[in-house]
Amino acid sequence: MPATPRPLAAAPAHILPDVLRPGLALVFCGTAAGKRSAAEQAYYAHPGNMFWRALHACGLTPRLLRPAEYPQLPDYGVGLTDVAKLHSGNDDELPRDAFDAPALHAKIERYAPALLAFTSKAAARAALGRAADYGPQPERIGATRLFVLPSPSGQARGHWDLAPWLALADVVRRSRGA
């Protein structure tokens, strides 16, 4: 009697879907979805998170978007992803094997945004394998330039500074020829 083939295991679902497509000016990369974002199925959903306010304040969106409107970001040339797609929670709660830098690098090489901005030093360290200061980074992923920003998380408020976000927006505007 022939063996019954077992169904292939489905790939684990991402906590939040990537918002990626070719031709984006900028992709933001966090470490992982926070608990509130995972629960609401929306990026940077905690009310104390400065992400959406920073995007608007530095002119990357023409109005203040709500977290649930994250699928609209490509209309503004912006995408979203995380280094840890299968886990949620605070950085210190994530397992050591949560971060998948090779998968991130492959996505960035595939979609080739002009810029990839890490929304924290922790996300940059997980993706680059080294500590990084705020601002532009010397290496690239494919043709994509890299930038590190202060975390917009309310838990990182003591390190919050809009200036690097404004500098990033200036780089984006210059790359668009605006």
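In which sense do β4 and β5 pair, and over how many bridges? I began my notes on this predicted model with that pair, and I found that β4 and β5 run antiparallel to each other, joined over four bridges. Within this pairing I noted that Pro-136 stands opposite Phe-147 of β5.

Next I looked up the sheet as a whole, which is open and has five strands in the order β2-β1-β3-β5-β4, with mixed pairing. I marked β2 and β4 (135-141) as the edge strands, each having a single partner strand, so one side of each is left without a neighbour in the sheet. From one strand to the next, the twist averages 25°.

I then turned to β3, residues 115-118, which pairs in the parallel sense with β1 (residues 26-30) over four bridges and, also in the parallel sense and over four bridges, with β5 (residues 144-148). Leu-115 is the bridge partner of Leu-26, and its bridge partner in β5 is Arg-145. Looking at the side chains of β3, I saw Leu-115 and Ala-117 pointing one way and Leu-116 and Phe-118 the other way, with all of them buried.

Last, I checked Asp-91, which sits in the loop between β2 (78-82) and α3 (101-111) and is partly exposed, at a relative accessible area of 36%. Leaving aside neighbours within four places in sequence, I found Asp-91 in contact with Thr-31 and Ala-122, while its C-alpha atom is separated by 14 Å from that of Phe-118, 27 residues apart along the chain.

Methods. Residues are numbered from 1 along each chain as its sequence is written. This is a predicted model: local features need pLDDT of at least 70, side-chain atom pairs count only at pLDDT 80 or more; totals for chains, interfaces and linings use all residues. Side-chain values use heavy atoms; hydrogens and water are left out. Buried means under 20% relative accessible area, exposed over 50%, partly exposed in between (1.4 Å probe, protein chains only). Helices (H or I, at least four residues) and strands (E, at least two) are DSSP runs, numbered from the N terminus. Two strands pair if DSSP finds at least two bridges between them. Contact means heavy atoms within 4.5 Å. Axes are lines fitted to C-alpha atoms, for helices over the stretch in contact, and angles run from 0 to 180 degrees between N-to-C directions.
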